[in-house]
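Biologist: Please take a close look at one part of this model and walk me through it.

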Amino acid sequence: ITLTWQPPSQGGAITAYSIQYGPTVDCTEAQLTQMVNSSGSATSYTVQILSPYTTYTFRVRGHSSGGPGNYSDCVTARTTEYYPTRPSSVQLTDLNSCNCDESGQNRTIMLQVRWTRPQNINGQLRGYTLRLSHEDRGI
C-alpha cells in the first residue's frame, strides 16, 4: 500500500516522517503496533510485507529539529486478494461397493470427494477446481 500525504502547514523543516499502522480498523495506539520511518521530506511511502486481503489503519507524523509532531487522522485501506492456501484432509470415496450391477454390467462410477476448507482464504473464496486423472490420461 502506498501512502501519500501533505506536509504539515506549521512547524519547522521536516527531516523525517513516522508511519504507524496495524491490521485493524481502530485508530488507537494499542492497535497500531507497527512503525516505519522515512528519512527526508518525501511525502509518500510504500508499506510492504502486508497480509493479503486485510484492512490496515495508518497514520503519519512529521519530525523536525524540534521533535515529532502530532499524528495525522487515521486512514484505512485493504490489501489485494491472493490465492488461498491448499485444502487439507482430501478424501476420495467410491460410493459403490462394486462398479457393476447385478447382471455384471458396468455402471457409472460414483466418487465422493471431501476436503477441509483452506486455512487461509486470503480473499473471497469463489469455488474449487477438482481434477481427476487416470494413470494413462486425464479424465
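In β3, which residue is the bridge partner of Y17?

Modeller: The bridge partner of Y17 in β3 is S38. This is a predicted model, where local features need pLDDT of at least 70, side-chain atom pairs count only at pLDDT 80 or more, and totals for chains, interfaces and linings use all residues. Residues are numbered from 1 along each chain as its sequence is written, and side-chain values use heavy atoms, leaving out hydrogens and water.

Strand β2 covers residues 16-22. (Strands are DSSP runs of E, at least two residues, numbered from the N terminus.) β2 pairs with strand β3, residues 34-39, in the antiparallel sense. That pairing has six bridges. (Two strands pair if DSSP finds at least two bridges between them.) β2 also pairs with strand β5, residues 55-64. This pairing is antiparallel too, over seven bridges. There, F58 in β5 stands opposite Y21.

Next, the cover. Seven of the seven residues of β2 are buried, so the strand is largely enclosed by the rest of the structure. (Buried means under 20% relative accessible area, with a 1.4 Å probe and protein chains only.) Take the two faces in turn. On one side sit A16, S18, Q20 and G22, all buried.

For contrast, look at V113 in strand β9. V113 has a relative accessible area of 33%, so it counts as partly exposed. (That class runs between the buried limit and exposed, which is over 50%.)

Note on methods:
Helices (H or I, at least four residues) and strands (E, at least two) are DSSP runs, numbered from the N terminus.
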